[in-house]
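Dear colleague,

Here is the structure, with the sequence alongside. My notes follow below.

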Amino acid sequence: MKILTQSKEQLINVPSELWITNNGTTKYMIVGTSYITPYLGEYSTYDKAASVLMEISESIKHDVKVYDMPSE
């Protein structure tokens, strides 16, 4: 599966690992593998970021070809 980043500037293969991290302010980013840049998406709450991460997981299970990262 591929992921279209929230900025719509990159289409990347799904990294082998995805997680949520705080960007040092009040935003939470979904990042992959061992890098933070480019991040896949940025959200104002941890709960929203976790919800998006679950959507990605479901998309992988259902063999979706491209997941479009939602905006806030």
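In this predicted model, three strands form an open sheet in the order β2-β1-β6, and their pairing is mixed. The edge positions belong to β2 (11–13) and β6 (66–68); each has a single partner strand, so one side of each is left without a neighbour in the sheet. On average, neighbouring strands of this sheet are turned by 25 degrees against each other, direction ignored.

Strand β1 (residues 2–4) runs antiparallel to β2, and three bridges join the two. Within this pair, leucine 4 has leucine 11 of β2 as its bridge partner.

β3 (residues 18–22) is antiparallel to β4, with five bridges between them; threonine 21 stands opposite methionine 29 of β4. The hairpin of β3 and β4 has five residues between the strands, and glycine 24 takes a positive phi there, near 95 degrees. β4 also pairs with β5 (residues 41–43), again in the antiparallel sense, over three bridges. Here isoleucine 30 has glycine 41 of β5 as its bridge partner. As for burial, β4 (residues 28–32) is mostly covered, with four of its five residues buried.

Serine 59 lies in helix α1 (residues 46–61). Its relative accessibility is 10%, and the cut-off for buried is under 20%, so serine 59 counts as buried. Leaving aside residues up to four places away in sequence, serine 59 touches Met1, Val64 and Tyr67.

Regards

Notes: Residues are numbered from 1 along each chain as its sequence is written. This is a predicted model: local features need pLDDT of at least 70, side-chain atom pairs count only at pLDDT 80 or more; totals for chains, interfaces and linings use all residues. Side-chain values use heavy atoms; hydrogens and water are left out. Two strands pair if DSSP finds at least two bridges between them. Axes are lines fitted to C-alpha atoms, for helices over the stretch in contact, and angles run from 0 to 180 degrees between N-to-C directions. Buried means under 20% relative accessible area, exposed over 50%, partly exposed in between (1.4 Å probe, protein chains only). Contact means heavy atoms within 4.5 Å.
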